[in-house]
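Hi everyone, thanks for coming along. Let me put the structure up, and then I'll walk you through it.

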Amino acid sequence: MRRRPALAAVAVIGALTLAGCGGSDSDSDSDSAASGAELSVDAAYIPQPVSDSMAAGFLTITNEGGTADELTSVTSGAGEVTVHETVDGTMKEVDRLEVPAHGQLVFKSGGNHLMFEKLKQQPKQGQSVTVELHFAHSAPVTVKLPVKAATYQPTAGHSGHSEDSGH
């Protein structure tokens, strides 16, 4: 009997998390709620680092909404985190990366990635590292990145079209 209120609470919390702190700025759309960014994160992991002080992190940010957003920073109690873009094999730190409307921002080995520096302790396989993703327009999103084997390769392609690796 208590199941329905619990499910309703989960739905409300989920909607508030996705809606972020946005007020009611009325866009020219009459359907402004459907046109905002709707962010979710999956495929998150950190390969167990070989260094005591540095690690890389990977994840996919999906935007189901009709408005693009931008990842502006990442914070973590584990150490300093910077965002790196890889273009034509060259890695560079960037201040922001776009999360396109109805699209994805993919962080993968050999591509865009999170760089952890000045780690307070070296993460070990089986542990997880918590990060907070900050966006230009949406509320921050907290994500746990499980630490996988150094040789871990995701089974699902990072094209982002598969939601789980069971298919």
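Predicted model: local features only at pLDDT ≥ 70, side-chain atom pairs only at ≥ 80, totals over all residues.

Residues are numbered from 1 along each chain as its sequence is written, and side-chain values use heavy atoms, without hydrogens and water.

So, is Gln121 buried or exposed? Gln121 is exposed, because its relative accessibility is 57%. You'll find Gln121 in the loop between β8 (113-117) and β9 (128-135). Met54 is 67 residues away from Gln121 in sequence, yet their C-alpha atoms are 9.7 Å apart in space.

Now the overall picture. The protein has 2 helices and 10 strands, counted as DSSP runs (H or I of at least four residues for helices, E of at least two for strands) and numbered from the N terminus. Of its 167 residues, 33% are buried.

Let's look at strand pairing, which takes at least two DSSP bridges between two strands. Strand β1 (residues 39-47) runs antiparallel to β2 (residues 54-63), with 5 bridges between them. Val41 has Ile61 as its bridge partner in β2, and the hairpin from β1 to β2 passes through 6 residues. β1 also runs parallel to β10 (residues 141-148), joined by 2 bridges. There, Ile46 sits opposite Val147 of β10.

Conventions:
Buried < 20%, exposed > 50% of the residue type's maximum accessible area, 1.4 Å probe, protein only.
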